[in-house]
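Subject: Structure handover

Hello,

Here is the structure I said I would pass on. My notes follow it.

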Amino acid sequence: MPEDCIFCQIVDGEIPSRSVYEDDQVMAFLDANPLAPGHTLVIPKEHHETLGDLPEDAGSRVFETLHRLAPEIEAAVDADASNVAFNNGEAAGQEVPHVHGHVIPRFEGDGGAPIHAIAGGRPELSDEELDEIADAIAGRT
Ligand code: 5GP
Ligand code: ZN
């Protein structure tokens, strides 16, 4: 584990957190600078920077936990919905280089935006380009 990783220090109890769930592989705790009441982070306990670095088993456990916790978090703060998302890499806005999924409770009329708002402008892509992109991805899956 990198000595200076904030989330590894939270896992080790060196930095306090408002933990809401913990098991052998995963931890969930309230975001220290919440975007909404109940804003929660779900992390693998082992240090990995991005989803691509995360072993499949740990990834499955993180997603299982997000799947189970998202509706419970919504219920706990009486939210209408939630955004569940990863800033996956620095260019995508990831500030803490230890994989974490955000659960951000959403409320009717909260003035927030959908996930479509996070990227820059929409690219102009021809049908040929879309076919090539789909093939390039499918070729790697
Ligand atoms: P990122 O931009 O990397 O996806 O989000 C990192 C998140 O971690 C931010 O929402 C930030 O508020 C949260 N965060 C940063 N430092 C701490 C901390 O020491 N404790 C907790 N609970 N959350 C933190
Ligand atoms: Zn870490």
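Is Asp78 buried or exposed? At 65% relative accessibility, Asp78 is exposed; the scale is relative accessible area with a 1.4 Å probe and protein chains only, where buried is under 20%, exposed is over 50% and partly exposed is in between. Asp78 sits in the loop between helix 2 and strand 4, and its phi is near 60°, a positive value in a residue other than glycine. Most residues other than glycine have a negative phi.

Conventions, before the rest. This is a predicted model, in which local features need pLDDT of at least 70 and side-chain atom pairs count only at pLDDT 80 or more, while totals for chains, interfaces and linings use all residues. Residues are numbered from 1 along each chain as its sequence is written, chains are lettered from A and ligands numbered from 1 in the order in which they are written, and side-chain values use heavy atoms, with hydrogens and water left out.

Overall fold

The protein has 3 helices and 5 strands, taken as DSSP runs (helices: H or I, at least four residues; strands: E, at least two) and numbered from the N terminus. Their order along the sequence is α-β-β-β-α-β-β-α. Along the principal axes, the C-alpha atoms fill a box of roughly 50 × 40 × 25 Å. Of the 141 residues, 33% are buried. Counting contacts (heavy atoms within 4.5 Å) with a separation of 6 or more, 51% are between residues 24 or more positions apart.

An unreviewed UniProt entry places the feature "domain: HIT" at residues 6-113. UniProt positions are given in the numbering used here, feature names are shortened, and annotations may be inferred rather than shown by experiment. Over residues 6-113 the chain is 26% helix and 23% strand, with the end C-alpha atoms 28 Å apart.

Zinc site

The zinc ion (ligand 2) is coordinated by Cys5 (SG), Cys8 (SG), His47 (ND1) and His98 (ND1) at 2.0 to 2.2 Å. Donors here are N, O and S atoms within 2.8 Å of the metal (3.2 Å for Na, K and Ca), and water is not among the atoms, so sites may look incomplete. The angles among the 4 donor atoms are 106 to 116°, and the site is tetrahedral, a label that four donors get if all angles lie between 85 and 135 degrees. For reference, the ideal angle for four tetrahedral donors is 109.5 degrees. Along the chain the donors of the zinc ion follow the spacing C-x2-C-x38-H-x50-H. Cys8 in helix 1 (residues 6-11) and His98 in the loop between strand 4 (81-85) and strand 5 (101-106) are 90 residues apart, and the pair links distant parts of the chain. Both Cys8 and His98 are buried.

The unreviewed UniProt entry annotates His100 as "active site". His100 lies in the loop between strand 4 and strand 5 and is buried, with a relative accessible area of 7%. Beyond residues up to four places away in sequence, His100 touches Phe7, Leu41, Val42, Ile43, Ala85, Phe86 and Gln94. Its side chain reaches the backbone oxygen of His98 at 2.6 Å. This is a polar contact, meaning a pair of N or O atoms within 3.5 Å; within protein, one must be able to donate a hydrogen and the other to accept it, and residues adjacent in sequence count only if both atoms are side-chain atoms.

Ligand 1 is surrounded by 16 residues, the closest being Asp31, Glu95, Val96, His100 and His102; a residue qualifies if one of its heavy atoms lies within 4 Å. An N or O atom in the side chain of His100 is 2.7 Å from an oxygen atom of ligand 1. There are backbone approaches as well: an N or O atom of Leu30 lies 2.9 Å from a nitrogen atom of ligand 1, and one of Gly93 lies 3.1 Å from an oxygen atom of ligand 1.

Two other buried residues

Asp23 is in the loop between strand 1 (19-22) and strand 2 (26-30) and is buried at 18% relative accessible area. The Asp23 side chain makes a polar contact with the side chain of Tyr21 (2.6 Å) and reaches the backbone nitrogen of Gln25 at 2.9 Å. Leaving aside neighbours within four places in sequence, Asp23 is in contact with Lys45 and Arg61.

Ile73, in helix 2 (residues 56-77), is buried at 10% relative accessibility. Ile73 touches Gly38, Thr40, Val103 and Pro105, not counting residues up to four places away in sequence. Ile73 and Val20 are 53 residues apart in sequence, with their C-alpha atoms 9.5 Å apart in space.

Regards

Key
Four donors count as tetrahedral if all angles lie between 85 and 135 degrees; four count as square planar and six as octahedral if opposite donors are over 155 degrees apart and all others between 65 and 115; anything else is irregular.
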